[in-house]
Amino acid sequence: MTVHNLYIFDRNGSCLYYNEWNRKKQAGISKDEEFKLMYGMLFSIRSFVSKMSPLDMKEGFLTFQTSKYRLHYYETPSGLRFVMNTDLSVPNARETLQHIYSNLYVEYIVKNPVCVLGQSLDSELFSSRLDAFIRALPYYSPRAA
């Protein structure tokens, strides 16, 4: 079990933060292009799910799975989007993403007067606490395939 990477997007699709832990294969394109593709895919999936769902989808979609990885998605009321890619053995990381938002992002970014909301997250404290949190997850393994 492992975590591959994490994206944080603002409501306009700008990638505010990105980090990798156990990503084995690179996309072969620039990071900016990858961020645009990821956000575009999220936008399309959200739209598809909201239009095709037979029930009222209050939370929208939560995960997306391929044969190789699982994408976990959490959107805040303010429009921030947290996306974590893991291997298939991680069933649901919604609580993990909510914790990252409420206990790390809010504490180290929103409450930090030096950090400007809506701009790239350059807080070393946030990055180090997030890294420690991810590495302490029960489904994180540095040697996962």
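## The sheet

Two strands count as paired if DSSP finds at least two bridges between them. Strands themselves are DSSP runs of E, at least two residues long, and helices are runs of H or I with at least four residues, numbered from the N terminus. By that rule S1 and S2 pair up through five bridges and run antiparallel, with Leu6 sitting opposite Asn19 in S2.

Before going on: this is a predicted model, where local features need pLDDT of at least 70 and side-chain atom pairs count only at pLDDT 80 or more, while totals for chains, interfaces and linings use all residues. Residues are numbered from 1 along each chain as its sequence is written, and side-chain values use heavy atoms, with hydrogens and water left out.

Zooming out, five strands make an open antiparallel sheet in the order S2-S1-S5-S4-S3. S2 and strand S3 (63–65) are at the edges with a single partner strand each, so one side of each has no neighbour in the sheet. From one strand to the next, the twist averages 15 degrees. Helix H1 (residues 31–52) lies across S1, S2, S3, strand S4 (70–75) and S5, at about 80 degrees to S1 (axes are lines fitted to C-alpha atoms, for helices over the stretch in contact, and angles run from 0 to 180 degrees between N-to-C directions).

## The cores

A nonpolar core here is a set of buried Ala, Val, Leu, Ile, Met, Phe, Trp, Tyr and Cys residues joined through side-chain atoms within 4.5 Å. Buried means under 20% relative accessible area, exposed over 50%, and partly exposed in between, using a 1.4 Å probe and protein chains only. The largest core has 29 residues, and Phe82, Met84, Ile100, Phe126, Leu130 and Ile134 touch the most other members. H2 gives the largest share, eight residues. A second, separate core of 13 residues includes Met38, Ile45, Leu71 and Val83.

## Leu104 and Leu130

Contact means heavy atoms within 4.5 Å. Leaving aside neighbours within four places in sequence, Leu130 is in contact with Leu6, Tyr17, Trp21, Ile100 and Leu104.

Leu104 is in helix H2 and is buried, with a relative accessible area of 8%. Not counting residues up to four places away in sequence, Leu104 touches His99, Ile109, Phe126, Arg129, Leu130 and Phe133. Leu104 and Arg129 are 25 residues apart in sequence, yet their C-alpha atoms are 7.3 Å apart.
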